[in-house]
Amino acid sequence: MNWWDAVPVALASAGWLLVPGALMTWLVGLRGVAAWGMAPTLSVAVVSTAAVVAGKLGIDWGVGTPAVAAAIAVVITGVVALALRGRSRGTVISDPRPVTLAGLLGVLPAVVFGAAVVVLGMGRPDELSQTFDAVFHYNAIAYILDAHNASSLTMGTLGNPIAPPSFYPAGWHDFASLGVLSTGTSIPIAANSLTGVLAVLVWPLSCVLLVRQIVGRNTVALAITGLLSLGFSQFPWALLSFGVLWPNTLGLALVPAAIAVVLSLSGLARDDVIGRGRAWVMAPFVLLAGGFAHPNSLFSIIVIAVFPLFTGIWRWSRRMREEGQGRRGAIGLTVAIVVFLAGWAFVATSPAFKTVRTFYWAPFETTARALGEVLLLGTNGRISLWAAAIAVIVGLVLVWRMRDQRWLVGAFVTVGLMFMLTAAVNRRYTQFITGYWYNDSFRLAAILPVVTVPLLIVAIVTVAGCLKKWLTERPKPRLGRLGASATGLTIVLALLVVIGAKGLYFGNLVETVAFTYTRVEDSPNDTMVDHREQAFFTRLSSEVPKDAVIANNPWDGSGLIWALADRRPLFPHLDIAWSAEQRYLAQHLVNAAGDPTTCKDARLLKVDYLVVAEQHFWPTDARIKTYPGIVDPGNRPGFQLVDSDGDLKLYKLTAC
């Protein structure tokens, strides 16, 4: 399959992400940049909530389930909009047509540029991400398709029949499953297509909306935001390879739109295109979408939003004092501070977050180096973006002078500091600050572009404006017949070229994406499934009955049998909780012929086959040795060889 064949899958993913939300935003009165920028957030909230409700009601998950849910949401939105018609919050807020066209058409070069990065970085549309977490994510899609259940409330155990269900944010998996159900494509193609759409379309749209709220109706700023939003390797590109953190990619792609809503709530938006009334309507959808995409995105919203929100609350408190209601203002400010600190104390001490909060990643660089990486936008050892870094620093100075947008300075400093804590310190006493991102420098670095993109845009348009003014000053214009507007555009384009020399360094971004898609050739020990294994596992669908379970050691890549062959492996991930029966089979299955307990557990779990391979992912990892019973039985009784390809072998369990 080539990438042209994958275009319908990408279009289906884009449709599910945009259409339901766009209908809702249009009915509620948003237009243009605001409507399309908020659409993915509403779509994710509606579809993910529908998955949970359907799971609770026992309704099978399919294309019809989210479609009906979206239709219901659209109807409810329309009714509410009619009820509010004639009131201020029911009126339409619309930008002039040139502003809207600049923002939306500016996304087109981002789509073209980003698609080229995705295609060259991934290689093939069905190429597998050779990463630890990818096994879970691929099989979560397979679980949804098999169980017809896409609820986040049950995703944590992947439908293990004798383990209690647990929560895992399934927003990304819900949309990936819809890609399969809508087009009939394979799970790897659906996963790659969806993730590509998030990177090259949803993220730029979200950034355009945020920039619109910061700079107002500036056509040039909106026109260049889409493309420049893809110039930072930290996001979206790094999360397409590290982890792999696809759910985080969905969540973070929505964060700029969430901050745009916060700016409306706090009264800091310039020529507000959302409106405070609608912002209150959008807020629950922001929380639902962030929670079901990945809770990391909610914490990312909080760490940025705290600055504009408290700026707005502080200004309100001062206004109350000026109006003779100082006590009311003081109480409101105090309550806001207490609520924030109480919430922080809860998540910093709650057992529910302990596993995430105490996750340890060893520091890997000095504090000075980490600081330099933040300032030069080259975190985690990536290439330094000198020109863009200078522009961002200029942007920090400029927004400080803008007063209403000083929150960007606080957000940049805070996110940069948290990255430094994880990269260079990461001690027990820092976990109450960085623990909500697994104390992981990659996750924290990915938040930086939410702040650096608008800083970059502010710097470009402001410097271009100053140069334009200087070149057109009287009495002796320096322009001749060229004209002010033409020169201004030329200056902006020149600045784009300068910044693009490093910020949009194409090869660097392609390498970032390709890092975990090319290990098959470059690093066998870091390869989960090579092309030979992928072909072998895929053909098991014609050799193993649909209802049979295949015993396996997931560290040899066989955990992906579910996603590749639609046959359930006994161990569908490398490191989640297993039942006592699963652990016993992991220790003793090879001795099934002489062990009644093994056969009892095998019958309970419907294990009828065994697959083995010699090549292991991360071969020095101690967890590989926890499967001594999942080995090649050779000539031992109780097993019949069904298929083989070198060290890859499939056996029928005949002892039980």
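I started with helix 27 (residues 580-588) and helix 28 (residues 596-604), whose axes come within 9 Å and cross at roughly 130°. That makes helix 27 oblique to helix 28 (angles under 35 degrees count as roughly parallel, over 145 as roughly antiparallel, 65 to 115 as roughly perpendicular and the rest as oblique). Helices here are DSSP runs of H or I with at least four residues, numbered from the N terminus.

This is a predicted model, where local features need pLDDT of at least 70 and side-chain atom pairs count only at pLDDT 80 or more, while totals for chains, interfaces and linings use all residues. Residues are numbered from 1 along each chain as its sequence is written, and side-chain values use heavy atoms, with hydrogens and water left out.

Next I looked up who touches whom. From helix 27, E581, Y584, L585 and H588 meet T597, T598, D601, A602 and L604 of helix 28 (contact means heavy atoms within 4.5 Å).

Then I went through the cis peptide bonds. One runs from F235 to P236, with omega near 5°, and P236 sits in helix 10 (residues 233-237). Another joins G243 and V244 with omega about 10°; V244 is in the loop between helix 10 and helix 11 (246-266).

D271 has phi near 50° and lies in the loop between helix 11 and helix 12 (276-293). N380 comes in at about 55°, in the loop between helix 16 (367-375) and helix 17 (386-402).

Are they buried or exposed? D271 counts as partly exposed because its relative accessibility is 37%, whereas N380 counts as buried at 15% (buried is under 20% relative accessible area, exposed over 50%, partly exposed in between, with a 1.4 Å probe and protein chains only).

Terms used. Axes fitted to C-alpha atoms, helices over the stretch in contact; angles between N-to-C directions. Helix = DSSP H or I, 4+ residues; strand = E, 2+ residues; numbered from the N terminus.
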